[in-house]
Amino acid sequence: MPDPQDQSDAAMRARLERLSSELDARKASDRSAAARQSGGGDTGGAMAKGFKAASELVGGIVVGGLIGVGLDYWLGTKPGFSIAFFLLGAGAGLWNVIRDAMKPTGGA
Amino acid sequence: MDPIHQFSLSKWLPLDVAGRDFSLTNSAFYMLLAVALVALLTIVCVDRNATVPGRAQSVAESLYEFIANMVRDAAGESGMKFFPLVFSLFMFILICNLIGFIPYTFTVTSHIVVTATLALIVFFTVLIVGFAKNGARFLKLFVPSGVPIAVLPLVVLIEVISFLTRPISHSVRLFANMLAGHILLKVFGGFVVLMLGLKGFGALTALLPFAATVAFMALELLVAVLQAYVFAMLTCMYLNDALHPGH
């Protein structure tokens, strides 16, 4: 007959093992939940990029146009600077979007 | 029923200081309310400093971690000096956007004065920090490397314009999204009321705009949070330019 001390040790070991396996399972499910969450974050990131691109395109044209009209108003050279800076502004907006889109995605 | 009426300012506490209008408007009140709520969440709820955080404290802590990671990713460890600025901007915009969802409240961020002020704070911070830290080397931001000398003037001009574009796109993005979203909700809400007034089965058609309103509400909630995130993220990217120009 095993002595009671041994028996309780064995029971304790069994309980500890069960506990650690439960903990492992819990950690794994936490990790997959975190991965799912970051997947959702990527959709948000993509939408954020979209908002950024749209506003930069418009912003470039608006700022270029304003600078052009301002210079024309100031120097009385209508419509030379308006045309030039409108095009430059559109170019700047487009260039911003292209530069952003060329960046490697993913990573960390 | 006027979809624009929700954006009108009204003086709640007329106040005149030396000929200047310092009245407390509904806009100012909701800004103060947002600041108070941010302070409540981040100061009062964290004050007990519990090792096991309560609900409010864990919300505050996860927001803190979220923004801290964003700043580290976008602007590096040296960018953490600007963490208070980015965190304040993010929390203020987030709370203002979310307050706007409560009926009869006022959405502060749907006014371009507010968003432009926030964007200009970022713009001038970038300019001042950029020149103070890097001196003339900050101008390298406008001169990309590896560009043939023939087109360099054109490229520099485009880079300068795109730099000046930043405060505009930064502020218009937030303001336009909030404005358009709230008008959209109001217009569809108005349709519900109008169609309920129809006779007989006509009133049932009110279900259609009602369903649309519910769907738009979810979309606008996403947009409200996302716009705060975008604003903070771009602030980090612009600050990164100030700290490390000419990369």
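Biologist: Which residues line the largest cavity?
Modeller: Welcome! This is a predicted model, in which local features need pLDDT of at least 70, side-chain atom pairs count only at pLDDT 80 or more, and totals for chains, interfaces and linings use all residues. Residues are numbered from 1 along each chain as its sequence is written, chains are lettered from A and ligands numbered from 1 in the order written, and side-chain values use heavy atoms, without hydrogens and water. On a 1 Å grid over the protein atoms alone, a cavity is a set of points where a 1.4 Å probe fits but cannot get out, and lining residues have an atom within 4 Å of a point; here they are B:Ala119, B:Val122, B:Phe123, B:Val126, B:Phe163, B:Arg166, B:Pro167, B:His170 and B:Tyr238.

Biologist: What volume does the largest cavity have?
Modeller: The structure holds 1 cavity of 30 Å³ or more. With volume taken as the space filled by probe spheres set on grid points joined across faces, edges and corners, the largest cavity has about 40 Å³.

Biologist: Which helices each supply at least two residues of the lining of the largest cavity?
Modeller: Helices here are DSSP runs (H or I, at least four residues), numbered from the N terminus. In chain B, those supplying at least two lining residues each are helix 4 (112–134) and helix 5 (152–196).

Biologist: Which residues touch the most other members of the largest nonpolar core?
Modeller: A nonpolar core joins buried Ala, Val, Leu, Ile, Met, Phe, Trp, Tyr and Cys residues through side-chain atoms within 4.5 Å, buried being under 20% relative accessible area with a 1.4 Å probe, protein chains only. Of the 56 residues in this core, those touching the most others are B:Ile67, B:Phe90, B:Val126 and B:Tyr229.

Biologist: Which helix gives the most to this core?
Modeller: Both chains take part: helix 1 (4–75) of chain A and helices 1 to 6 of chain B each supply at least two residues. The one that gives the most, with 15 residues, is chain B's helix 6.

Biologist: Which residues is B:Val126 in contact with, leaving aside its neighbours within four places in sequence?
Modeller: B:Val126 also lines the largest cavity. Contact means heavy atoms within 4.5 Å. On that basis B:Val126 meets B:Phe138, B:Phe163, B:Tyr238, B:Leu239 and B:Ala242.

Biologist: How many residues are in the second, separate core?
Modeller: Among its members are A:Val63, A:Phe85 and A:Ala92 from chain A, along with B:Ile161 from chain B. The number of residues in this second core is 6.

Terms used: 1 Å grid on protein atoms, 1.4 Å probe; cavity = no way out; pocket = protein on both sides within 12 Å on 5 of 7 lines; lining within 4 Å. Buried < 20%, exposed > 50% of the residue type's maximum accessible area, 1.4 Å probe, protein only.
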